[in-house]
Amino acid sequence: MAVGGFVDDGARALYVAALDAAMAALPPHESHDVVTGWGTVRVHRFGSGAGTPVLLLPGRTGTTAMWAPNLPVLAARRTVWALDLLGEPGASTQTAPITGDADQASWLAEVVDALGGPLHVVGASLGGRWGTELAVRHPHLVRSLALLEPAHTLSRLRPGFVLASLASVVGARRCFLRYAGGERPPADDPLGPVLELGSATYRMALGPPGYPTDAALRSLAMPVLALLGGRSTVGDAQRGAARARRCLPDVEIEVWPEATHALPSACADAVDARLEAFHARVDG
């Protein structure tokens, strides 16, 4: 099995320029590399507040830059770590095949251990799926788990989303990105070129994520917060909420009726406040 990479050096250079521009819009931060068995992971540290630090896991191709609307508030209250996922476009570099969910959890575990875990893990979209896998397989590293519109975690992917993702393979990437998010981003949003160039010029070598079993969810003893969008094009919020209440031992679950899959950014103020209240409750 291969590893992911850009189609050529020119594509990489264009992407790096776009990512650098998006990262320049973020609050002041320090960047570090963590070497794992599957590659080198770029992590960024924001803030230096008290309390258990937070780790932000982005959605597919989102990179740390996707958290621009949330970081000013979150990093004002406590230390926040954010990373770029291995095997995807971003500043992390994959060096060995990621063969499935166990590998995804393992490289994340190596990163969290290097950062001094346990941490409050916050995952958006596919980041929520991998945060859940980390919590199932390495629970000692996860102080709490927050799922923001998690993909293929509490409910399965909607058929329409799967069809739209297949269409993106044959060139309709911009339409797919807009469909998946459910929101029309501002024309000057620096994240736009990052998403478009990453989707168009980076060839991933990752299989589809598995769907966590009810037994896996029931094994999660740490507190879990799940915020779901009622207008999500990715998952069914009502089904996901019902499954969360049925399977998760310690869960706070909310469905925001007017929210889309872009909930973390489109509802940033409300999300930030909800995360802070949740983390404060867990920290006691």
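Six nonpolar, six polar and two charged residues line the second largest pocket (Ala, Val, Leu, Ile, Met, Phe, Trp, Tyr, Cys and Pro count as nonpolar, Asp, Glu, Lys and Arg as charged, and the others, Gly among them, as polar). This is a predicted model, where local features need pLDDT of at least 70 and side-chain atom pairs pLDDT 80 or more, while totals for chains, interfaces and linings use all residues. Residues are numbered from 1 along each chain as its sequence is written, and side-chain values use heavy atoms, with hydrogens and water left out.

**The pocket**

- Strand S1 (5-6), H1 and strand S6 (93-94) each give the lining at least two residues (helices are DSSP runs of H or I, at least four residues, and strands runs of E, at least two, numbered from the N terminus).
- H1 supplies the largest share of that lining, with five residues.

**H1 against H7**

- The axes of H1 (residues 9-23) and H7 (residues 191-201) come within 9 Å and cross at roughly 155 degrees (axes are lines fitted to C-alpha atoms, for helices over the stretch in contact, and angles run from 0 to 180 degrees between N-to-C directions).
- H1 and H7 are therefore roughly antiparallel (angles over 145 degrees).
- On the H1 side, Ala11, Leu14, Tyr15, Ala18, Leu19 and Ala22 make the contact, meeting Pro193, Val194, Leu197, Gly198 and Thr201 of H7 (contact means heavy atoms within 4.5 Å).
- Sorted by class, the H1 and H7 contact has nine nonpolar residues, two polar ones and no charged ones.

Note on methods: Parallel < 35°, antiparallel > 145°, perpendicular 65-115°, else oblique.
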